[in-house]
Amino acid sequence: MRGARGVAALTGSGVSAESGVPTFRDAQTGLWERFDPEELATPEAFLRDPKLVWEWYSWRRELVARAEPNPAHRALADLERRVPSFALITQNVDGLHRRAGSRNVIELHGNILRTVCSAERLPREPGEGAPPRCPRCGAPLRPDVVWFGEALPPGAMEAASEAARSCEVFLCVGTSGVVYPAAGLPREAAGAGALVVEVNPEPTPVTPLAAFALRGRAGELLPALVA
Ligand code: BJW
């Protein structure tokens, strides 16, 4: 790490767990316990029941707005200041990396704090009980995030691939490594000769590619790793 000229980090929801933001697959708490996130984060769910999906995102948006970056976010921001070339590729929609001071952030799955007009993104108008309306065209608004089956923001995956292929060290932090195309990045990095380092309490499909698999919480391991 000390000698590396190029570092890329891929993060997932585990990096925000210690900020009190539940991971995508582990924790559905309280009111939302009986809903499957993989089903709610789809265009089909929004078209069928826009009110339900909007309310799920409102609940999460409030949680994110109250959350603070943790030592893992701050360690990655510190690392960026020390390495000549650094890219932070995140699947998270919570904006906590930027709030911690990271600059070169590639948000692969959008940002929950922004909304967009659904008419720009969906094949047809959603059903009853829709969320607030677009002030320009009257179509329902939706969160500016990437749902299953949707394309990633223009240029985001290209920038992420470029960073993965040109870095010397590729950190993979707090992601289950199952959602594509992001999940293909560790393999791209390893294939181009990068040293892959995983930080996760659990093994994942990334583990076999990793030169070092550090088992534990990102908020504890990352500050020690970049010290
Ligand atoms: C800790 C910790 C601590 C806990 N410290 N760690 C190839 C093969 C198979 C399928 C596909 C494929 N290519 C595409 C697909 C389909 C699909 C897909 O991948 N499906 C799989 C589930 C099989 N992909 C897509 O649909 C993508 N789009 C696409 O491919 O479009 C094609 C297209 C092209 C052109 C035109 C049109 C279409 C889009 C994927 C979008 C994903 N969106 C979501 C929702 C975002 C909004 C929201 O948040 O609601 O993104 S799904 C969800 O998963 C979210 C996350 O970013 C993403 C990844 O999850 P993540 O972050 O890894 O969280 P978890 O919960 O899974 O894991 C947490 C980890 O943290 C665990 O490992 C813990 O152990 C760990 N942990 N505490 C460190 N303290």
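1. Two residues are taken to be in contact if their C-beta atoms, placed from the backbone, lie within 7 Å. The structure discussed here is a predicted model. On that contact criterion, and leaving out residues up to four places away in sequence, Cys117 touches Cys134, Cys137, Ala139 and Leu141.

2. Cys117 belongs to strand E4, which covers residues 110-117. Cys117 is partly exposed because 18 other C-beta atoms lie within 10 Å, and a residue counts as buried at 20 or more and as exposed at 12 or fewer.

3. Cys134 sits in the loop that joins E4 to strand E5 (141-145). With 16 other C-beta atoms within 10 Å, Cys134 is also partly exposed. Beyond its neighbours within four places in sequence, Cys134 has contacts to Cys117, Ala119, Ala139 and Leu141.

4. An unreviewed UniProt entry gives the feature "binding site" at Cys117 and Cys134. These positions are spread over 18 residues of sequence but cluster in space, the largest C-alpha distance being 5.8 Å.

5. The chain splits into domain 1 (1-20 + 69-109 + 152-227) and domain 2 (22-66 + 112-145). Their C-alpha centres are 26 Å apart. Contacts between them involve 8 residues of domain 1 and 7 residues of domain 2. The domain 1 side of this contact consists of 2 nonpolar, 5 polar and 1 charged residues.

6. The ligand is surrounded by 33 residues, of which Gly12, Gly14, Gln91, Ser176 and Tyr180 are the closest. By class, this shell holds 15 nonpolar, 12 polar and 6 charged residues. Domain 1 and domain 2 each supply at least three residues to the shell around the ligand.

Conventions:
Residues numbered from 1 in each chain as written. Predicted model: local features only at pLDDT ≥ 70, side-chain atom pairs only at ≥ 80, totals over all residues. Domains from an automatic or database assignment. Nonpolar A, V, L, I, M, F, W, Y, C, P; charged D, E, K, R; others polar. Near = placed C-beta within 6 Å. UniProt positions renumbered as here; feature names shortened; annotations may be inferred. Helix = DSSP H or I, 4+ residues; strand = E, 2+ residues; numbered from the N terminus.
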